[in-house]
Amino acid sequence: MEWNKETSALIIVDLQNDFVPGGALEVTQGDQLIPVINDLQKKFKHVIATQDFHPADHGSFAANHPGKNPGDLIQLAGLTQYLWPVHCVQGSRGAEFHPDLDKVCWSAVFQKGKNPEVDSYSGFFDNARKGNTGLGDYLKTKGIEHVFVCGLALDYCVKYTALDAKSLGFETVLLVDATRAVNVNPQDGELALEEMKQAGIRLKTSQDL
Ligand code: VGL
Ligand code: ZN
């Protein structure tokens with residue numbers, strides 16, 4: 001594949017302790033991405049990470065809604081919200097990046113999910129598309145045209161980050177071997193791939209780079 005290092009960025013989505021096996025919102029085989037993504041990073045000049053970073057009173061936590069359990073649906077910020085176990089709380093070990101993930105070459109980290117009133121799957125905007133992390137402007141300022149997305153979880157934060165990247169005009173590639181799905185429903189990962197393809201996001205593997 002022909003690609004320009006100067007105008008390309010790798011976005012590593014939410015590779016945090018709570019999303020790997022043993023974490024509060026574990027993704028099956030999530031830890032298997034670490035060596036894949038450490039290798040990938042070597043191919044990029046611009047590497048950016050996103051971090052799910054919730055206050056303890058976040059509205060996406062079932063525990064903050066009396067009588068509700070993870071998996072229940074509520075209304076939050078005018079949107080249907082799937083309720084999660086408490087995860088990625090600011091200052092907790094679960095919110096920290098996986099210890100084996102190489103971080104030395106990162107250009108920037110964008111935190112999201114800090115507003116308790118709304119969830120935020122994408123690294124660009126909250127789910128109501130009101131709050132903006134600044135990631136889009138950051139990439140444009142750096143002259144980035146091509147965005148490569150990897151990390152956790154395919155059917156939530158990876159999908160919405162890739163869709164927003166595409167909608168902002170970046171040529172967007174999803175790295176299929178460098179992501180895993182939560183699969184609340186068994187087909188969710190497959191459906192996410194299909195939705196991204198329909199949106200014009202290209203699906204590639206790290207071997208293609
Ligand atoms: C995520 C659910 C809740 C993710 C974050 O990183 O995919 N999923 N918060
Ligand atoms: Zn979250």
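The arrangement around the zinc ion (ligand 2) is irregular because its four donor atoms subtend angles of 88 to 171°. Donors are N, O and S atoms within 2.8 Å of the metal (3.2 Å for Na, K and Ca).

This is a predicted model, in which local features need pLDDT of at least 70 and side-chain atom pairs count only at pLDDT 80 or more, while totals for chains, interfaces and linings use all residues. Residues are numbered from 1 along each chain, ligands are numbered from 1 in the order in which they are written, and side-chain values use heavy atoms, without hydrogens and water.

The protein donors of the zinc ion are Asp52 (OD), His54 (NE2) and His87 (NE2), at 2.0 to 2.2 Å from it. Their spacing in sequence is D-x1-H-x32-H. Asp52 counts as buried because its relative accessibility is 3%; buried means under 20% relative accessible area (1.4 Å probe, protein chains only).

Asp52 and His87 are also among the residues that surround ligand 1, each with a heavy atom within 4 Å of it.

| Residue atom | Ligand 1 atom | Distance |
|---|---|---|
| Asp52, polar side-chain atom | nitrogen | 3.1 Å |
| Ala153, backbone N or O atom | oxygen | 3.0 Å |
| Cys157, polar backbone atom | oxygen | 3.1 Å |

Terms used
Tetrahedral: all angles 85-135°; square planar, octahedral: opposite > 155°, others 65-115°. Buried < 20%, exposed > 50% of the residue type's maximum accessible area, 1.4 Å probe, protein only. Polar contact = N/O pair within 3.5 Å; in protein donor to acceptor, adjacent residues only side chain to side chain.
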